[in-house]
Amino acid sequence: MDLMFSRETSGARLEGRPIVALESALLTHGLPFPANLETVQRMEAAIRSEGAEPALIAVVGGQIRIGVEAEDLERLARGRSARKCSVRELPIAAARKEDGGTTVAATAWLAHLAGIRIMVTGGIGGVHRGQPFDVSADLDALARTPLIVVCSGAKAILDLPLTIEALETRGVPVVGYGCDEFPAFYSRRSGLPVDVRVDTPQEVADLAVARDSLGLSESLLVCVPVPKEFDIPAEEIADSVAQAVADAEKMGIRGKAITPFLLARVSELTGQRSERANRALLENNARVSAQIAAAVQSLPRARNR
Ligand code: PSU
Ligand code: MN
């Protein structure tokens, strides 16, 4: 399957400038229009302001796009027809020539195919509350794709202690970026420890070098807490999350529809406070990922794999 690079991303490749991949499920399924489009544009601007090139990864009419041009971006943002593509849906959307928003799992795989070493998201998927068998494909994808994944931890709608356990089982190092606790998406703190704390982009690059020289295939999960002004302490969001989870249960919402439903419901219940936090952390994560991309760019590529 050919990957289609946008004009900007192929330019950056030729010039050897750092590229940061963005997932597109947040555009098609995570945030409502027009907040979704605005947020992606702000993420792209933040990445460019740090001298890196953003590459939104998505499926457009069955084509795998590494970087999406403005017209298609707007269609993906407006239309609710795109398929939410994790790894299992990728061949379906490609063969059927559909539009698709790629989750962390699918984006990581496609970024890796494209030779991109870092991607950014809001929160990774994980183990769902009360449903220990509903485990996001993000976790297995992280375990087999040697990327740097910048996020604000796992989404607060999940069972975070079980998600941390599942990451441990899969050998994914959890890196706190300026923090000692695993961030809980809307909240800066979760009470759960990270495996290592770093405070600079260079320290992340050092970890990537060590990972690569050991021949390991796991992503580094670099966790950046939501900016302080937007932090919603865990005890303040707990009731809304519990209510949203109960509503999903009552309405019989399952599988891949759960995450988009819960995000939208929590936003409703918090009067959009959670959505503002989501947008702020996405933009901040984009900026941090571009800074890390610059530090990683000068490193030798992993060999022998
Ligand atoms: N981060 C956000 N909003 C989102 C997501 C992440 O701020 O909508 C998406 C990601 O694409 C992630 C997906 O991979 O939710 C997880 O879905 P699931 O639990 O169905 O694997
Ligand atoms: Mn799931």
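In the predicted model, Thr145 touches Ala108, Trp109, His112, Ser217, Glu218 and Ser219, leaving aside residues up to four places away in sequence. Thr145 itself is placed in the loop that runs between α7 and β10 (148-151). Its relative accessible area is 1%, and because the cut-off for a buried residue is under 20%, Thr145 is classed as buried.

Pro18 occupies the loop between α1 (7-15) and β2 (19-22). With a relative accessible area of 11%, Pro18 is buried. Not counting residues up to four places away in sequence, the contacts of Pro18 are Gly51, Ala52, Glu53, Ala293, Ala294 and Gln297. Pro18 and Ile292 are separated by 274 residues in sequence, yet their C-alpha atoms are 9.4 Å apart in space.

Attention then turned to the largest pocket, which has a volume of about 550 Å³. The lining of this pocket comprises 32 residues, of which Lys84, Thr103, Ser136, Asp138 and Thr259 are the closest to its centre. Several elements of secondary structure take part: α2 (25-30), β9 (131-135), α7 (137-144), α11 (258-269) and α12 (273-297) each contribute at least two lining residues. The largest share, 4 residues, is supplied by α2. By residue class, the lining of the largest pocket consists of 14 polar, 10 nonpolar and 8 charged residues.

The surroundings of ligand 1 were considered next. There are 19 residues around ligand 1, and those that come nearest are Glu23, Lys84, Ser136, Asp138 and Lys155. Lys84, Ser136 and Asp138 are also named among the residues closest to the centre of the largest pocket. Oxygen atoms of ligand 1 take part in polar contacts with both side-chain and backbone atoms of the protein. In the side chain of Lys84, an N or O atom is 2.8 Å from an oxygen atom of the ligand. For Val104 the contact involves the backbone, with an N or O atom lying 2.8 Å from an oxygen atom of ligand 1. A polar atom in the side chain of Asn278 lies 3.0 Å from a ligand oxygen atom.

Notes: Residues numbered from 1 in each chain as written. Chains lettered and ligands numbered in written order. Predicted model: local features only at pLDDT ≥ 70, side-chain atom pairs only at ≥ 80, totals over all residues. Heavy atoms only, no water. 1 Å grid on protein atoms, 1.4 Å probe; cavity = no way out; pocket = protein on both sides within 12 Å on 5 of 7 lines; lining within 4 Å. Points joined across faces, edges and corners; volume = space filled by probe spheres on them. Nonpolar A, V, L, I, M, F, W, Y, C, P; charged D, E, K, R; others polar. Buried < 20%, exposed > 50% of the residue type's maximum accessible area, 1.4 Å probe, protein only. Contact = heavy atoms within 4.5 Å. Near = heavy atom within 4 Å. Polar contact = N/O pair within 3.5 Å; in protein donor to acceptor, adjacent residues only side chain to side chain.
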